[in-house]
Amino acid sequence: MDRHWTNLFSDLDVQVQADAPLGPLTWFGIGGRADALVNPRSPEALAELLRRCLHNQIRVRVLGSGANLLVDDAGVEGVVISLTDPSFASLEVNTEGGIELMKVGAGHDLMKLVTECTRRGLTGIEGMTGIPAQIGGALAMNAGGRYGEIGDAVHAVAIVRPDGELRVYAKSELNFAYRHATLPDGVIAWATFSMREENPVVVRARVHEYMAYKRSVQPMSNCAAGCMFKNPVDPAQNQRVSAGKLIDEAGLKGHRVGKAFISDRHANFFTCEPGARTNDLRELVQLAKRVVFDRTGLALETEVVFWSRHGDGS
Ligand SMILES: Cc1cc2nc3c(=O)[nH]c(=O)nc-3n(C[C@H](O)[C@H](O)[C@H](O)COP(=O)(O)OP(=O)(O)OC[C@H]3O[C@@H](n4cnc5c(N)ncnc54)[C@H](O)[C@@H]3O)c2cc1C
């Protein structure tokens, strides 16, 4: 693999940081470095960047706002793409046959989008209130909760494929499931959402209600990433059960490994103190999985995405 990143991409409209620390770009605030962090300054530069990575067999990962990501202490190989350039944060609203279609760049901040939709009197995504994400990260995870999922409002998603081709996929070609989306390989560039007009006062009232609920049940601190685990399906009940409740009932609330610990407010929130290592969190995750499985026979699956040189996953 060619490690002369600056040379490899020097003629592209991208910003390259070699040996870039990723921890500060995630909500956990911990973890190692990427061989290169690359910020394309245009969709065209993103397409050519992907083409070159494919040609040079360079591993590519995409970073959103880092709210659901834990990076290994040893960092990751290859290129991490970040869509922070304003060219990826566009917002357009068009009316087509009475349906409001909103086109949003993948780098747009989700919470700012909720605020903007509220101001304009557009309903459809306010169920995402209080979820930190870029639009790309929210789509990749099908972010959501009690008040819906982002996939509910999707009309189409545009993805720059590894060969640099931009393809637009209708919602019917994609699969949005519980905290997971089956999407073609590549980088989400933008998406369109089906919205409806509604009195801004009514939309704002819902946003306040949803935020109040979220504050009442979740610790909204830094150094965490929302829920660590997905709620597993209990075959006996044929429905999902709360992973937080299972961890709580296993007596693990407040349990600590090194400088990482399970929140004593919400047992599915894993958090850490300054100086923590990703390995501390990994051990805590393994412990929770083991103890819950031994007690209940239910296998916990992480919702948080782990990046590592040995392969991504949990
Ligand atoms: C305090 C707090 C509260 C939270 N509450 C909730 C909640 O209520 N509901 C919920 O669902 N989640 C919640 N989360 C988790 C998190 O907000 C979501 O998972 C969110 O969707 C992550 O988006 P992101 O942009 O930060 O993605 P990242 O964490 O940066 O990345 C997550 C995944 O998305 C991929 N990705 C990111 N951008 C792109 C792109 N452009 N193209 C392709 N793939 C991409 C990444 O490669 C990675 O696999 C919470 C997190 C925190 C810190």
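**Helix faces, domains and loops**

Analyst: On α5, the face turned away from the buried side carries the exposed residues V201 and H208. The model is a predicted one.

User: Which residues of α5 are buried, and how wide is the arc they fall within?

Analyst: The buried residues of α5 are V203, V207, Y210, M211 and K214. They line one face of the helix, because seen down the axis they fall within an arc of 100°.

User: What covers the buried residues of α5?

Analyst: The buried set to be covered is V203, V207, Y210, M211 and K214. The cover includes α3 (110–120) and β8 (122–123).

User: What span does α5 reach from its first C-alpha to its last?

Analyst: Helix α5 runs over residues 200–217 and has 18 residues. At 1.5 Å a residue, 26 Å is expected. The span in the model is close to that, at 26 Å.

User: Where on α3 do the buried residues sit, on the same side or on opposite sides?

Analyst: In α3, L110, L113, V114, C117 and T118 are buried. They cover an arc of only 140° around the axis, so they sit on the same side of α3.

User: Which residues are exposed on the other side of α3?

Analyst: The buried side of α3 holds L110, L113, V114, C117 and T118. Exposed on the other side are K112, T115 and R119.

User: What lies at the start of α3, and what phi does G121 take just after it?

Analyst: At the start of α3, a side-chain oxygen of D109 reaches to within 3.1 Å of the backbone nitrogen of M111. Just after α3 comes G121, whose phi is positive, about 70°.

User: How many residues of domain 1 are in contact with domain 2, and how much area do the two bury between them?

Analyst: The domain assignment gives domain 1 as 5–86 and domain 2 as 89–217. Their C-alpha centres lie 24 Å apart. In contact are 17 residues of domain 1 and 15 residues of domain 2. Of the area buried between them, 66% is on carbon and sulfur atoms, and the total is about 1,200 Å².

User: Which three residues supply more than any other three of the area that domain 1 buries against domain 2?

Analyst: Domain 1 and domain 2 bury about 1,200 Å² between them. On the domain 1 side, 33% of the buried area comes from L50, S65 and L83.

User: Is Q57 buried or exposed?

Analyst: Q57 is found in the loop between α2 (43–55) and β3 (60–63). Its phi is near 55°, positive in a residue other than glycine. The cut-off for exposure is over 50%. Q57 has 69% relative accessibility, so it counts as exposed.

User: Is N142 buried or exposed?

Analyst: N142 is in the loop between α4 (135–141) and β9 (144–145). N142 is not a glycine, yet has a positive phi of about 45°. Buried means under 20%. The relative accessibility of N142 is 0%, so N142 counts as buried.

User: Which side chain does R282 join in a polar contact?

Analyst: R282 lies in helix α7 (residues 278–296). With a relative accessible area of 19%, R282 is buried. A polar contact of 3.5 Å joins its side chain to that of D72.

Key:
Residues numbered from 1 in each chain as written. Predicted model: local features only at pLDDT ≥ 70, side-chain atom pairs only at ≥ 80, totals over all residues. Heavy atoms only, no water. Helix = DSSP H or I, 4+ residues; strand = E, 2+ residues; numbered from the N terminus. Buried < 20%, exposed > 50% of the residue type's maximum accessible area, 1.4 Å probe, protein only. Polar contact = N/O pair within 3.5 Å; in protein donor to acceptor, adjacent residues only side chain to side chain. Expected span 1.5 Å × (residues − 1). Arc of directions from axis to C-beta. Contact = heavy atoms within 4.5 Å. Domains from an automatic or database assignment. Buried area = accessible area lost by both parts, 1.4 Å probe.
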